[in-house]
Amino acid sequence: MQFGIFTVGDVTPDPTTGRTPTEYERIKAILTIAQKAEEVGLDVFALGEHHNPPFVPSSPTTMLGYVAAKTERIVLSTSTTLITTNDPVKIAEDFAMLQHVADGRVDVMMGRGNTGPVYPWFGKDIRQGIPLAIENYALLHRLWREDFVDWEGQFRTPLQGFQSTPRPLDGVPPFVWHGSIRSPEIAEQAAYYGDGFFANNIFWPKEHFQKLIGFYRQRFEHYGHGSADQAIVGLGGQVFMRKNSQDAIDEFRPYFDVAPVYGHGPSLEDFTAQTPLTVGSPQEVIDRYAAMRDHFGDYQRQLFLMDHAGLPLKTVLEQLDLLGEEVVPVLRKELAVNRPAHVPDAPTHASLKAAAATETTSVAS
Amino acid sequence: MTTRKIAVVSAGLSRPSSTRLLADHLAEATVARLAEQGVDAEVHTVELRDHAHDITNNLLTGFPSPALADVIETVTTADGLIAVTPVFTTSYSGLFKSFIDVIDPKALTDQPVLIGATGGTERHSLALDYAMRPLFSYLHAVVVPTSVYAASSDWGSGADAASGSLADRVGRAAGELASLVKDSERSGLVRDPFALDPSFSPVPR
């Protein structure tokens, strides 16, 4: 079981001071947060991709490359990489490059992006979102697995004898997750390829995602990648903690009340009841998240959103201390109890490399 | 024969509300018409006022509270819908439209709908035909030909030559809705939210 954090990279004023960080401050803060995630013992750092303010991370592999150089162990991922508006050739190259730079500590999460104008800015049409995700990923999948690719599709210039460079590290493509909030088509796509499926989980009630993940698990089995409970599932989450529950609520409420996405809407109490947002003591967070597998089945990756809504860097780093020291070690133990032996861990470069070697050996013998 | 389900949505804001009063008349008349044909019906009435905060929250967050999710389920899976709004500033009320906006645009396809409206004067009666009816047409609902508008004066006046009394109009509209509800199978349908379009393929064709 992997635990980590994901960030959307919003530049939001701190509502308690009215001060908005500069882009430089926010970018540096994200890089600090990523290093802190490794320091407190987390397994994954995932970065969003956006092309419109108030978000800064337009160039995720640049930032992840920096993090790779400053860390030793943590897996670098995305949340998400826009498979619709990016050229799949450039995604193939950027993430293969990052694999080499990061000694394989890389996977990637595909997403469509839901900001309408971004599509035409990149010459695409949002109404073609699903077909773009299907075609672009099919090309990306081949570019990482075939040395020379001939390609003709609906959305991109044809390729003749094209080789993307560098080739994936050790001939092993990065593991891919597909993130979706509501589209069964994307769950179907993830299942078809035997890739991971990530449910962002944080802005909607869990009942919705239970159904979506249940569907993905069924289809994973249908396509012959293993039993439904062996499908590779990731979940988002969102927490704010202080030693005393009431202190957490008092401190987080001003951020919650005006936060992008849900601000000025439901009360903190309603939103915490209806979504996985948990504001309280570390023990309350442990209780809430230890129960996730009762709803979704044993899963592979839990990512928390910790650094949005204008929370100051100092606060976020304190939160990461609590997450890494008090919450995750307990969750690791609790989620390991009664976890069936046949439920796999999330694939890593090492496990995929070993699997590829086994496959080659068995073919040779 | 199975019991038909009728959802009634009243967007009146005051209590008591003449919008709710008209909605109740329409529902009672529809149930009576169905009963005449030997069809049982149950009525679920929703006052949008009770869900106004949840509707706003849904607009902001993108998901309904559990209570609002139940309401949406009730409305979209009914065999017939009676939708009644006050006319505010030439059109349906903002609360009514906000409620429609949080429903999946495909969820009312083929649903038999009776539209009604209330207002202070008769002069707004066409709001039903230039606002309510196109709204439901866009959603591919089946709106019955007779819509019912009740001005304040209608509650105390008799028939006029052109359109009859309010009770006449209610009866005619209820008859039209009842005949569609009678044959509706909507409430018995099993809905699969993950049904993929048959043309969908996870790889390019």
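What span should the 13 residues of helix 8 (residues 245-257) of chain A have at 1.5 Å a residue? The expected span, 1.5 Å times one less than the number of residues, is 18 Å, and the end C-alpha atoms are 18 Å apart, which agrees.

The model is predicted: local features need pLDDT of at least 70, side-chain atom pairs count only at pLDDT 80 or more, and totals for chains, interfaces and linings use all residues. Residues are numbered from 1 along each chain as its sequence is written, while chains are lettered from A and ligands numbered from 1 in the order in which they are written. Helices (H or I, at least four residues) and strands (E, at least two) are DSSP runs, numbered from the N terminus.

Helix 8 of chain A has a kink of about 30 degrees at Glu251(A), shortly before Pro254(A). The bend is the angle between axes fitted to the seven residues ending at a residue and the seven starting there. Ala248(A), Phe252(A), Tyr255(A) and Phe256(A) are the buried residues of this helix. Buried means 20 or more other C-beta atoms within 10 Å of a residue's own, with C-beta atoms placed from the backbone.

Strand 1 (residues 2-7) of chain A is mostly covered, with six of its six residues buried. Gln2(A), Gly4(A) and Phe6(A) point one way, and Phe3(A), Ile5(A) and Thr7(A) the other. Strands pair if DSSP finds at least two bridges between them. Strand 1 runs parallel to strand 12 (residues 301-305) of chain A, joined by five bridges. Here Ile5(A) stands opposite Phe304(A).

Methods. A residue is buried if 20 or more other C-beta atoms lie within 10 Å of its own, exposed if 12 or fewer, and partly exposed in between; C-beta atoms are placed from the backbone.
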